[in-house]
Amino acid sequence: MMAFELLEPASLKDAIALIDPDDPEVRPIAGGTALMLMMKAGVFRPRRLVSLRKLGEAFTCIAAVSAGELTIGAMAPLSALEHSPVVARGAPVIVRTLRRLSNVRVRNVATIGGALAHADPHMDLPPVLIALGATISVAGPDGERTMGVEELLTGYYETSLAKNELITQLHIPAQGEARAAYFKVTSGSADDWPSLGVAVALRAEGTIVKSARIVVSAATAKATRLKAAEAALIGAGADDKTLKKMADAAVDEADIIADLRGSASYKRELLRVYAARAVRSAMQTSGASL
Amino acid sequence: MATATLSGGQIGRSLPRLEGRDKVTGRAEYTHLMQLPGMLHAKIFRSTVAHGRIKSVDTSAARKVPGVYAVYTSDDVLNVIAEPYYGPAFHDQPILAIGKVHFVGEPVAVVLASDPHVADQAAQQIVAEYEELPAVFDEVEAAENKTLVHAELKPAGTFADLKHLKGRKGTNIALDFGLRRGDVDKAFASAPHVFEHTFRTQKVLHLPLEPHASIADYRDDGVTIYSSAQGPSFVRTEIARLLGWPENRVRIKVPYLGGGYGGKLYIKLEALALAMSMLARRPVKIAHTMEEHFYTITKHPTTFRIKSGVDQDGRITARKCEVWWNGGAYADIGPRVTQKSGFTASGPYDIDNVSIDSYALYTNLTPAGALRGFGIPQLVWAYESHTDMIARALKRDPLEFRKQNLLRDGQPQATGTILKDTAIEKVLDRIAERLNWKRPFDRGKGAVRRGRGFAVALKAVISPTTSVAIVNVSADGSTTLYCGTVDMGQGSDTAMAQMVGEVLNMPAESVRVVPRDTDVTPYDMGTLGSRSLFHMGLAVRLAAEEARAKIGDLRRELGEPEGSNAPLADLFRKKYGMQAGNIVGTGIYKPDYIPPDANGLTTNVTPFWMVAGSGVEIEVDTETGHVRISRLINVADVGKPINPKIVETQLSGASLMQLGFSMFEKMHIDGGQVTNASLADYKIPGMHDVPPVMENEIVDTYQTNGPFGAKGVGELATFGLSPAIANAIDDAVGVRLTELPLTAEAVFRALRAKDNKPLGDE
């Protein structure tokens, strides 16, 4: 790792201005848990890093706005979400997910915005946020725009952000009676990156599922909604027969890839099992408590 | 007040580690953190091919990086050291690759700079060209000698049984140990039941949290090397040999180690640091990154073909063992592992006809050495899986079948050495009692099935090895111990201080244990193979006893009445007229040993036997193959524990380390390239992997010839865990895994194969 310029702008406008979209050696840095590993490995050699740490409280604030919607500053550390009573009330599945996300040292440093912008498909929060219908605010030289987390992630470590756009806020819509579950499935150590992630958020009346979002991650190039599986579930009861149909649909539509953490054929079987388990788990969860 | 002959009350005391406070408050000294004035940092440029002739190494761009002091290759090393090859068993490992590279990651060039980041950056600018040569990676394939790793074998001459390999060409076999007892072929021919299975283990790492680090400070009249080494005496001998110097011009200093597990044994970075300091004429530090563990030393992958004959009464009449050890590109201590563990490859069973062939093989992979068990865990994995499979096939209770065939004290082990002070049956019985083996077991329902399994093992400690200790009583009565045992986390400083305190009747906390420094601390073979507590312990006790005898002489000389407890300081003052003088006691221990004959037989293979076993209760998720260990039991025969609390943490630590090797750790290798060479992709067990119930039991025994009845501990709980889990998986769901690690996918695939619905390989 060689010497580089580290800038710590105090305003978003300055930060954006300091990022040269045409120079791959200039990048923003949030928590740095991923970027520093790339720098240590020599994969990324910066000329300039633009730290977002001094942008101010607005960028780390976690708040419930009207009707239970959550607004989270992009620079909020993951552990702040983990321990936030606001998050625990508004989207308890996030708190449950964070408990087994990486380790406490990473959670204390990594930020929610950095995690989303990094777009590593093995991450635990993107599938959960997609299932919850979360959106992000993005700022660039030409102003602000919003998009769904689903639209943010376009491929393996790829996003729809321009090089000089920064995520500023995460918005999680009010969940009301929605129930959600996430399973991190590891094939080795419990601390390992997952072989498979499955997130489910659904609304049900009695035993009938009214709406559902099912998202697969880790085993795919990006966190991906499984719409055929959702369709198989919506309007039906979460009985064994429906769940089997839903799980088979999930396996058919997911583009599963092999890696060190499992063959594609094995991960497909994991998805078949865990898609059903995630729906069952969500059905057993009440939307409002941990 | 006690007299000198009474117990000092130090043995059996669960004294907290003497260095514990310094470690948890960040004050303890580690080589990795040390700095010397004027020191340069070295960064290594490594081979990217598994086997190849070096056509060129272009260092020009690296030399131009601002801040670079120098860039060196083997051409430079050859200018200062004529024969720059090192190793404990073979002098086969070059300081930097000469002419050829033999594995991916082999050091080819070194950049020196005052700033390690500059050195690192410059090392990335070096370009090497290779003419690639055919490579061999599998140990069984290597034994066919079709692709050769080295043109000629170069045994070090240290070990008598390797001498016949000197100059041998056309082979990858660095040692072939054979043992023949009775006639296995005849016994197989007449046995009503014959079973044969093949087991494999994977390539895994020691992964101490402090990576290897060495600092060499070379001067014309002597060299000092600070190193994270498990055996300072051996490092000194080897450095003196490379320099052609007497040993007293070579000083090796070893502070605390952040773990070792066998990976820091013998000589590792010290020779390279020496050569760099000779060339640069400045102190040079090499401190590995975590990633460089993957290119330094590993555990041996193995293939073990095991065959047993059983008579109509269930007695094992014959066992044939063929073991291939994948030693990687340089022998390191592999030939020792091959022979010493080979002695007990047939297990803790009373078998009349035994044949063992154990082969150390060169391959084009990162070298392999000793890893917490000196090869025993690989062997137990095979023989305790195999023994369980036989019991199940014969519809015998696995406990009763083992007990019927178990070796007991007074019986000869396969080598012919009589078993003494071994609690094998007691260990086995205690595991079974804790598992409630005789009682019905809840086998689970639905997708989750429960099972239990166990395994028991025997090891002959490596012999013969020597330890020397000095105890120095100062004029104020305070006492200092000088011993070369390296405390790498196992608590040896505390245990040694307890032994001194016991003999000299003083609290262990008051005994100063001098950090290892070959200018000061006397010879020791090395901190390896669970030998230190026994060997160094006996030397320490002898040294303390000699000091005590001299104190007694002094009391008599000064006319003190028998049984006097006059303070030591008073004795010195009376003798020398002031606070002056010393009493020095020395102790040397080397066990008797008879080398094996042409048939691998000997009546004295070891000074003590190591015995331990593990039992587990597990849950298998039959829909995914996930195995959850719900209860883990380790039972060990440690003789009399010197410090029971430290013994327990040694057992739990070893067991959790083996849990990683059993369940998921694996270096993934593709064409000789390690594809998961980082801690992001190679995971060791974390807190979430610790079983909810873990029990460690020390059986009540006494090692007659040990120091205060004690014997070695460090490796014990690694022995039996892997087969215990595999046996429990079979018990739970009726599938048998014969290759480590026991991943969820491996279990799932076996379940599908059993149901005739094999899973595709895609």
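User: Hi! Which residues of helix H12 in chain B are buried?

Analyst: In this predicted model, the buried residues of H12 (residues 424-434) of chain B are B:Ile424, B:Val427, B:Leu428, B:Arg430, B:Ile431 and B:Ala432.

User: Nice. What covers those buried residues?

Analyst: Several elements of chain B do, including helix H11 (398-405) and strands S21 (448-460), S27 (609-621), S28 (627-637) and S31 (693-698).

User: And which residue with a positive phi follows H12(B)?

Analyst: That's B:Asn436, with a phi near 50°.

User: Switching topic: where does B:Thr147 sit?

Analyst: B:Thr147 lies in the loop that runs between helix H5 (139-142) and strand S9 (173-181) of chain B.

User: Why does B:Thr147 count as partly exposed?

Analyst: Because B:Thr147 has 16 C-beta neighbours inside 10 Å.

User: What does B:Thr147 touch, leaving out residues up to four places away in sequence?

Analyst: Its partners are B:Pro134, B:Ala135 and B:Val136. As for B:Thr171, 24 residues apart from B:Thr147 along the chain, the two C-alpha atoms are separated by 8.8 Å.

User: Okay, zooming out. How many helices and strands are there in chain B?

Analyst: Chain B has 18 helices and 31 strands. Its C-alpha trace spans about 85 × 75 × 50 Å along the principal axes.

User: What is its radius of gyration, and what would a compact globule have?

Analyst: Chain B has 27 Å, and a compact globule with 762 residues would have a value near 27 Å, so the two agree. In chain B, 58% of the residues count as buried. Taking contacts with a separation of 6 or more, 80% are between residues 24 or more positions apart.

User: What about chain A, how many of its residues are in contact with chain B?

Analyst: There are 20 residues of chain A in contact with 25 residues of chain B. On the chain A side, helix H12 (residues 264-284) of chain A gives the largest share, six residues. That side divides into 10 nonpolar, seven polar and three charged residues.

User: What ipTM and pTM does the predictor give the complex?

Analyst: The ipTM is 0.95 and the pTM is 0.97. For chain B, the mean pLDDT is 96, with 99% of residues at 70 or more.

User: Where in chain B is the pLDDT below 50?

Analyst: Over residues 1-6, a stretch with nine contacts in the model beyond near neighbours in sequence. Where pLDDT is low, predicted coordinates should not be read in detail.

Conventions
Residues are numbered from 1 along each chain as its sequence is written. Chains are lettered from A and ligands numbered from 1 in the order in which they are written. This is a predicted model: local features need pLDDT of at least 70, side-chain atom pairs count only at pLDDT 80 or more; totals for chains, interfaces and linings use all residues. Helices (H or I, at least four residues) and strands (E, at least two) are DSSP runs, numbered from the N terminus. The radius of gyration is taken over C-alpha atoms; the globule rule is 2.2 Å times the number of residues to the power 0.38. A residue is buried if 20 or more other C-beta atoms lie within 10 Å of its own, exposed if 12 or fewer, and partly exposed in between; C-beta atoms are placed from the backbone. Two residues are in contact if their C-beta atoms, placed from the backbone, lie within 7 Å. Ala, Val, Leu, Ile, Met, Phe, Trp, Tyr, Cys and Pro count as nonpolar, Asp, Glu, Lys and Arg as charged, and the others, Gly among them, as polar. pLDDT is the predictor's confidence in each residue, from 0 to 100.
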